[in-house]
Amino acid sequence: MAGHQSIFTEDFKAAPYWWEQWQPQDELPSEVPPETEYVIIGAGYAGLCCALTLAQHGNQVVILEAGLPGSGASTLSGGQVTGGINVGKTMSAKKGLRQSDEQLKRDMLLEAADGYRYLEDLIAQHHIACDYRQTGRLAAAWIPQHLESWKKRLPLLNSVSQVQARILTRDELRAELDSPAYHGGVLIERAGLLNPALYYAGLLDAVRKAGVVICSSSAVSRIEKHRAHYQVDSLRGSLNARQVIIATNGYTGPEMAHLRARVVPVTSHQVATEPLSADLRRTLIPHQRGIAETQRVTHYFRYSPDGSRLLFGGRARFYALDRQQSARVLHQHLTQRFPQLRDIKISHSWGGKVAVTLDYLPHIGQTPQGCFYAVGCNGSGVTMMSWLGHRLARHLIENTPLNASPYGVSPLPGHPLYTGNTWFMPLLGSYYQVRDRLDKSAHPQTN
């Protein structure tokens with residue numbers, strides 16, 4: 001396809017590497033039934049986990065999915081899982097929670113740790129073969145100030161989340177990560193890696209076995225509230241439901257205007273390299289951990305589950321790119337961090353939409369129309385959206401106040417100048433990228 005391009009392999013695919021193992025499909029799409037107790041819009045991690053918990057408690061559940069189940073962000077992620085270490089992190093490299101919110105921060109960290117345990121239990125309970133391993137994660141410090149910020153965070157993080165994190169000096173990090181680009185880092189022991197497509201496939205199978213009806217190609221066009229029920233119109237039919245749950249995240253459409261004006265979709269791009277030599281695999285990331293950088297516009301990377309390839313992701317640009325264009329940008333960023341990979345070619349390139357909220361926090365809540373929602377992965381979707389879907393279902397089953405969860409304490413914030421049009425993202429994203437470059441130039445790193 002792109003053999004004439006020097007950075008691409010002969011068999012380059014503009015498709016996710018994960019889809020080599022499992023690809024979104026729906027051979028026998030279910031018909032939209034006329035009614036149900038609960039209708040969930042969106043068949044991502046949040047929608048599936050919400051449906052699974054509701055169905056396990058004897059409830060009738062229908063999921064309406066605009067495309068094929070698994071065609072959105074859930075099978076496109078980097079597959080790194082942690083217990084809330086990024087809660088409240090903003091693109092300005094500050095924390096989204098104020099110092100006065102100390103108790104709320106503790107509660108969020110506690111529940112995020114619960115979310116990680118839930119993820120592990122879910123994988124074990126349903127025998128989901130998704131290459132899950134608790135490998136640990138590295139936060140690679142872009143500049144020395146980021147390391148100092150982490151030092152302040154660690155006591156609370158370790159005592160509340162029990163993630164077993166510790167500071168690594170520059171030399172200690174270099175033993176973990178063969179790159180001259182960083183000034184040290186943090187090793188988070190309680191973190192891991194999985195194959196997000198296989199995790200999704202196993203979760204989807206569990207949901208179907210629980211009796212949930214999943215309707216693909218059923219994009220919702222209207223939600224209308226009546227006295228005792230909702231009427232939800234989709235491309236493949238209408239149904240009446242007692243409750244509506246929205247779990248569309250970065251794919252929230254104009255028919256859900258309240259949420260669309262409070263969630264900013266940001267595309268995260270990824271590439272997979274061709275198989276690396278044994279020497280490179282042994283030295284690049286010797287303990288096969290997941291890595292995420294600490295700057296405003298971050299990059300994240302890891303080995304493929306079989307250890308043969310490097311999977312490298314980030315916000316390549318903040319405007320539309322085709323898969324070859326984004327691959328070229330990421331290849332440049334990759335070789336800046338790993339000069340030893342300058343001759344390595346790219347075999348896959350893909351991207352998916354991350355849902356960024358205006359306070360950089362995940363949320364469960366209700367719209368003015370009374371629909372429930374779970375949105376706002378902010379780049380940490382595998383664990384957090386699985387948990388929030390389950391957490392919202394528990395609220396509905398137990399009829400407890402939403403603010404029983406720290407993620408339901410405050411409503412999803414909006415801004416008077418934002419209605420869902422992301423025209424400003426190229427300007428804002430470019431500004432943050434320039435700030436990152438200026439920070440780096442002020443703290444040059446040497447070999």
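**Stop one: the cysteines**

A pair has to come within 2.5 Å to count as a disulfide. Keep in mind that you're looking at a predicted model. Cysteine 371 is also buried, with a relative accessible area of 1%.

Searching the whole structure turns up zero disulfides. Cysteine 130 is in none either: hop over to it and you'll find the nearest cysteine sulfur, in cysteine 49, 12 Å away. Cysteine 130 is buried, at 1% relative accessible area.

**Stop two: the rings**

Now switch to aromatics, where the whole-structure search gives twelve pairs. Select phenylalanine 301 and phenylalanine 312: the ring centres are 5.5 Å apart and the planes meet at 20°, so this pair is stacked.

For another geometry, pick tyrosine 418 and phenylalanine 424, with centres 5.7 Å apart and planes at 85°, so they sit edge-to-face. Tyrosine 418 is buried, with a relative accessible area of 6%.

Next, select Trp22, Tyr45, Tyr199 and Tyr200 together: ring pairs link them into a cluster.

**Last stop: charges over rings**

Which ring does the charged end of arginine 153 sit over? Zoom in and you'll find tryptophan 150, with the charged end 4.2 Å from the ring centre. Finish at lysine 440, whose charged end sits over the ring of tryptophan 142, 4.3 Å from its centre.

How values were computed:
Residues are numbered from 1 along each chain as its sequence is written. This is a predicted model: local features need pLDDT of at least 70, side-chain atom pairs count only at pLDDT 80 or more; totals for chains, interfaces and linings use all residues. Side-chain values use heavy atoms; hydrogens and water are left out. Buried means under 20% relative accessible area, exposed over 50%, partly exposed in between (1.4 Å probe, protein chains only). Rings of Phe, Tyr and Trp (its six-membered ring) pair if their centres lie within 6.5 Å; planes under 30 degrees apart count as stacked, over 60 as edge-to-face and the rest as tilted. A charge sits over a ring if NZ of Lys or CZ of Arg is within 6 Å of the ring centre and within 35 degrees of the ring normal.
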